[in-house]
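Here are my notes on the model you passed along.

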Amino acid sequence: MRTLNDYFLFGGSFTAIQTAGNTADEIAVVPDGGKVIGVAINVHTIIDAETTFDILVNGADSTADAVLPDATPDETGVVMEITGTALVNPGDALQLQSNGEQVAATTADITWIIRR
């Protein structure tokens, strides 16, 4: 069960997570400060390699990564593990950027999970 201090922001869609440097098509604007504790993702193809994403805050790499595990089934939502710390303030812009380890072409939808 999640604490009442967690909130969720739609983060848009990816058209090609297999392409390094590709970003989600939408920027999520943070309404209340906190820490990114997860990124929920629904991929539209079977994932055949662990894939990492840089968490961008205001267009800059926060040094925190979101990790999508290998063997994630098609059309299955998972919450990606966060390595590092991404702190956000009200008004900050959040976006994911793929590091391109995924081989198969796929799209995905994301939702940010932030703890106040």
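**Notes on the model**

1. Start with Arg116: its relative accessibility is 48%, so Arg116 counts as partly exposed (buried is under 20% relative accessible area, exposed is over 50%, and partly exposed is in between, with a 1.4 Å probe and protein chains only). Before going further, the ground rules: this is a predicted model, where local features need pLDDT of at least 70 and side-chain atom pairs count only at pLDDT 80 or more, while totals for chains, interfaces and linings use all residues. Residues are numbered from 1 along each chain as its sequence is written, and side-chain values use heavy atoms, with hydrogens and water left out.

2. What does Arg116 pair with in a salt bridge? The partner is Asp32, with 3.0 Å from N to O (a salt bridge here is a side-chain nitrogen of Lys or Arg within 4 Å of a carboxyl oxygen of Asp or Glu). Asp32 sits in the loop between strand S2 (28-29) and S3, and Arg116 in the segment after S9, so this pair ties together parts that are 84 residues apart in sequence. Strands are DSSP runs of E, at least two residues long, numbered from the N terminus. Asp32 is partly exposed too, its relative accessible area being 30%.

3. How many salt bridges does a search of the whole structure find? The count is 2. Besides the pair above, Arg115 bridges to Asp6, and their closest N and O atoms are 2.7 Å apart. Because Arg115 belongs to strand S9 (residues 108-115) and Asp6 to strand S1 (residues 6-14), this bridge ties together parts that are 109 residues apart in sequence. As background, side chains of opposite charge can pair when their charged atoms come close.

4. Staying with Arg116, look at Leu4. Leu4 is placed in the segment before S1, and with 81% relative accessibility it counts as exposed. Leu4 and Arg116 are 112 residues apart along the chain, yet their C-alpha atoms are separated by 9.2 Å.

5. Next, the charges. Asp48, Glu50, Asp70, Glu81 and Glu101 form a negative surface patch. For the bookkeeping, patch residues have over 30% relative accessible area and no salt bridge, and like charges are joined within 9 Å. One of the members, Glu50, is in the loop between strand S3 (34-43) and strand S4 (51-57), and counts as partly exposed at 49% relative accessibility.

6. Is Thr106 buried or exposed? It is buried, with a relative accessible area of 3%. Thr106 belongs to the loop between strand S8 (93-98) and S9. Not counting residues up to four places away in sequence, Thr106 touches Thr15, Ala16, Ile17, Gln18, His44, Thr45 and Ile47 (contact means heavy atoms within 4.5 Å).

7. Asp25 lies in the loop between S1 and S2 and counts as exposed at 52% relative accessibility. Leaving aside neighbours within four places in sequence, Asp25 is in contact with Gly12 and Ser13. Asp25 and Leu96 are 71 residues apart along the chain, with 9.2 Å between their C-alpha atoms.

8. Val29, in strand S2, is exposed, with a relative accessible area of 54%. Its contacts, leaving aside neighbours within four places in sequence, are Leu9, Gly91 and Asp92. Val29 and Val57 are 28 residues apart in sequence and 9.8 Å apart from C-alpha to C-alpha.

9. Last, the backbone. Most residues other than glycine have a negative phi. Which way does phi go at Asn58, positive or negative? Positive, near 55 degrees. Asn58 lies in the loop between S4 and strand S5 (60-68) and counts as partly exposed at 46% relative accessibility. Thr63 also has a positive phi, about 75 degrees, although it is not a glycine. Thr63 is found in strand S5 and is exposed, with a relative accessible area of 64%.

Terms used. Patches are made of residues with over 30% relative accessible area and no salt bridge: like charges are joined within 9 Å, nonpolar side chains (Val, Leu, Ile, Met, Phe, Trp, Tyr) within 5 Å. Accessible areas come from the Shrake-Rupley method with a 1.4 Å probe; for residues, only the protein chains shown count as cover. Lys and Arg count as positive and Asp and Glu as negative; His and the chain ends are not counted. The place of a charge is taken as NZ of Lys, CZ of Arg, CG of Asp or CD of Glu. Helices (H or I, at least four residues) and strands (E, at least two) are DSSP runs, numbered from the N terminus.
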